[in-house]
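The sequence and the model come first.

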Amino acid sequence: MAADTITVTVAYGAAKHSITLTGKDGEEPVLRDLSETLAEVTGVPIPSQKLIFKGKSLREMDSTLSSFGIKQEQSREEAELKKLKDIEKSVEQTAKKLEKVDGELTGLRNGFLAKDLQAEALSKLDQRVKAAAEQFMKILEQMDAMTFPENFSDCRMKRKGLVKTVQDFLAQCDRIEAGISDHLAKIQSKNLALAD
């Protein structure tokens with residue numbers, strides 16, 4: 001839909017009317033355009049109309065609809081896709097944290113920290129991995145709570161891809177936790193061998 005076209009839903013009595021407006025001369029629609037269209041649709045003459053949006057009475061007939069905060073209606077599917085994109089951003093942020101933990105674990109394995117400090121560092125890494133796994137689980141629960149009609153194929157495909165991605169990251173969390181446990185066991189066995 002062009003920038004100078006907008007579709008709005010107007011309630012009049014018990015009826016709701018979906019009205020598409022196009023501004024004149026490539027300009028954005030103004031309140032007068034809406035009022036004229038409403039007069040045609042409802043039969044209520046312009047002087048008798050009382051237009052209210054979000055509790056405010058609209059009177060400036062030459063003001064654009066957007067100046068009142070009236071915007072193009074977003075379809076439900078578009079709204080659901082936006083929610084999924086927000087979830088995707090959350091997945092990406094959590095994944096970055098997980099990658100950082102994995103990098104730090106690799107550094108510990110390569111001896112970039114004194115042996116006597118590694119146990120404490122591994123414990124902190126383990127906490128961070130568990131926090132990431134918990135965040136991924138919350139994301140899965142959030143997506144599981146979303147229901148889409150059969151015809152929302154884009155939403156269904158997006159969610160399916162996100163679920164697979166999150167499951168892969170959960171598997172990575174498990175691998176990192178196992179790596180932390182292995183390295184911690186290795187450190188502890190060396191410490192026991194040194195104590196003997």
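## Confidence

What pLDDT does the chain average, and what percentage of the residues score at least 70? The model is predicted, with an average pLDDT of 88 over the chain. A score of at least 70 is reached by 94% of the residues.

## Overall architecture

The chain contains four helices and four strands. Read from the N terminus, the order of the elements is β-β-α-β-β-α-α-α. The radius of gyration is 29 Å, against 16 Å from the globule rule for 196 residues, so the chain is more spread out than a compact globule.

Along the principal axes, the box filled by the C-alpha atoms is roughly 100 × 35 × 30 Å. Of the 196 residues, 33% are buried.

## Helices α2 and α3

Helix α2 covers residues 76–109. Its 34 residues should span 50 Å at 1.5 Å a residue, and the end C-alpha atoms are 49 Å apart, which agrees. Helix α3, with 30 residues, reaches 43 Å from first to last C-alpha, close to the expected 44 Å.

Both helices contribute buried residues. In α2 these are Glu80, Leu81, Leu84, Ile87, Val91, Thr94, Ala95, Leu98, Val101, Leu105, Gly107 and Leu108. In α3 they are Gln118, Leu122, Leu125, Asp126, Val129, Ala132, Ala133, Phe136, Ile139, Leu140 and Met143. An α-helix has 3.6 residues a turn, so residues three or four places apart point the same way. Just after α2, glycine 111 has a positive phi of about 80°.

Glutamate 88 lies in helix α2 and is partly exposed, at a relative accessible area of 26%. Between the C-alpha atoms of glutamate 88 and lysine 158 the separation is 9.3 Å, although the two are 70 residues apart in sequence.

A second pair involves arginine 175, a residue of helix α4 (residues 153–195). With a relative accessible area of 55%, arginine 175 is exposed. The C-alpha of arginine 175 is 9.6 Å from that of aspartate 102, and 73 residues separate the two along the chain.

## The largest pocket

The largest pocket has a volume of about 480 Å³. It is lined by 22 residues, and those closest to its centre are Thr9, Val10, Ala11, Leu34 and Ile52. Two or more lining residues come from each of β1 (5–12), α1 (31–42) and β3 (51–53).

Which element gives the largest share of the lining of the largest pocket? That element is β1, with five residues. By residue class, the lining of the largest pocket holds twelve nonpolar, six polar and four charged residues.

## Lysine 54

Lysine 54 sits in the loop between β3 and β4 (56–58). Is lysine 54 buried or exposed? Its relative accessibility is 73%, which counts as exposed because the cut-off for that class is over 50%.

The backbone at this position also deserves a note. Most residues other than glycine have a negative phi. Lysine 54, however, has a positive phi, near 50°.

Definitions and conventions: Residues are numbered from 1 along each chain as its sequence is written. This is a predicted model: local features need pLDDT of at least 70, side-chain atom pairs count only at pLDDT 80 or more; totals for chains, interfaces and linings use all residues. Side-chain values use heavy atoms; hydrogens and water are left out. On a 1 Å grid over the protein atoms alone, a cavity is a set of points where a 1.4 Å probe fits but cannot get out, and a pocket is an open set with protein on both sides within 12 Å along at least five of seven lines; lining residues have an atom within 4 Å of a point. Grid points are joined across faces, edges and corners, and a volume is the space filled by probe spheres set on the points. Ala, Val, Leu, Ile, Met, Phe, Trp, Tyr, Cys and Pro count as nonpolar, Asp, Glu, Lys and Arg as charged, and the others, Gly among them, as polar. The expected span of a helix is 1.5 Å times one less than its number of residues. Buried means under 20% relative accessible area, exposed over 50%, partly exposed in between (1.4 Å probe, protein chains only). pLDDT is the predictor's confidence in each residue, from 0 to 100. The radius of gyration is taken over C-alpha atoms; the globule rule is 2.2 Å times the number of residues to the power 0.38.
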